[in-house]
Amino acid sequence: MEFARKVVRNIYYDPDTVRLRRFLRMENVVNPEISAAAREHDRPHRDRLADALAGRLARLAYAGYLKLDDPDRAARQFLALITYATQRLDETELTDTLTANIRFFLRGYAPD
């Protein structure tokens, strides 16, 4: 839960990140190549996060806490679940949404 909260806060709630996203949205109308360059620059960071999470999930699966065949896919699914529809929520809504989405993920990968 703490990991999910940190990821979401860094993506959607950090003031510098919010300002940068707003700038890129406005600038995209005139200079779409700037947004494309920003996405391309961000890709290695997203990939490193997904790779690190996949490694952690693989270790949890090896220890018997999860049942998964593809740690990379599971990591991408987890990140999608915690980042989708978590923008502009108050603290209670964010906690409720993250809790529900993490529980959904864990049910899907629960060992037999």
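1. Definition of a pocket. On a 1 Å grid over the protein atoms alone, a pocket is an open set of points where a 1.4 Å probe fits, with protein on both sides within 12 Å along at least five of seven lines; its lining residues have an atom within 4 Å of a point. Grid points are joined across faces, edges and corners, and a volume is the space filled by probe spheres set on the points.

2. Basis of the note. The model is predicted, with local features needing pLDDT of at least 70 and side-chain atom pairs counting only at pLDDT 80 or more, while totals for chains, interfaces and linings use all residues. Residues are numbered from 1 along each chain as its sequence is written, and side-chain values use heavy atoms, with hydrogens and water left out.

3. Overall architecture. The chain has 5 helices and 0 strands, and its pattern along the sequence reads α-α-α-α-α. Helices (H or I, at least four residues) and strands (E, at least two) are DSSP runs, numbered from the N terminus. The C-alpha atoms fill a box of roughly 55 × 30 × 15 Å, taken along the principal axes. Of the 112 residues in the chain, 23% are buried; buried means under 20% relative accessible area, exposed over 50%, and partly exposed in between (1.4 Å probe, protein chains only). Among contacts between residues at least 6 apart in sequence, 62% join residues at least 24 apart, where contact means heavy atoms within 4.5 Å.

4. The second largest pocket. Its lining consists of I11, Y12, V18, R21, R22, R25, Q87 and R88. The elements that give two or more residues to this lining are α1 and α2, and the largest share, 4 residues, comes from α2. By class, the lining of the second largest pocket has 3 nonpolar, 1 polar and 4 charged residues. In this classification Ala, Val, Leu, Ile, Met, Phe, Trp, Tyr, Cys and Pro count as nonpolar, Asp, Glu, Lys and Arg as charged, and the others, Gly among them, as polar.

5. The largest pocket. This pocket has a volume of about 920 Å³. Its lining comprises 24 residues, of which I11, T17, R21, D42 and R46 lie nearest the centre. Helices α1, α2 (15-30), α3 (32-62) and α4 (71-83) each supply at least two lining residues, and the largest share, 11 residues, comes from α3. By class, the lining of the largest pocket has 9 nonpolar, 6 polar and 9 charged residues.

6. R5. What is the place of R5 in the chain? R5 lies in helix α1 (residues 2-13). Because its relative accessibility is 13%, R5 counts as buried. The side chains of R5 and E91 are joined by a polar contact of 2.7 Å. A polar contact is a pair of N or O atoms within 3.5 Å; within protein, one must be able to donate a hydrogen and the other to accept it, and residues adjacent in sequence count only if both atoms are side-chain atoms. Not counting residues up to four places away in sequence, R5 touches E91, L94, T95 and L98.

7. Aromatic pairs. The structure holds 3 aromatic pairs. The ring centres of F78 and F105 are 5.1 Å apart and their planes lie at 75 degrees, so this pair is edge-to-face. F78 in helix α4 and F105 in helix α5 (residues 91-108) are 27 residues apart, and the pair thus links distant parts of the chain. F78 counts as buried at 10% relative accessibility, as does F105 at 4%. The rings of F105 and Y109 have their centres 5.0 Å apart and their planes at 50 degrees, so that pair is tilted. Rings of Phe, Tyr and Trp (its six-membered ring) pair if their centres lie within 6.5 Å; planes under 30 degrees apart count as stacked, over 60 as edge-to-face and the rest as tilted. Y109 counts as buried at 14% relative accessibility. One aromatic cluster is formed by F3, F78, F105 and Y109.

8. Is R107 buried or exposed? R107, in helix α5, counts as exposed because its relative accessibility is 59%. R107 and A74 are 33 residues apart in sequence and 12 Å apart in space, C-alpha to C-alpha. A110 is placed in the segment after α5 and, at 37% relative accessibility, counts as partly exposed. The C-alpha atoms of A110 and Y13, 97 residues apart along the chain, are separated by 31 Å.
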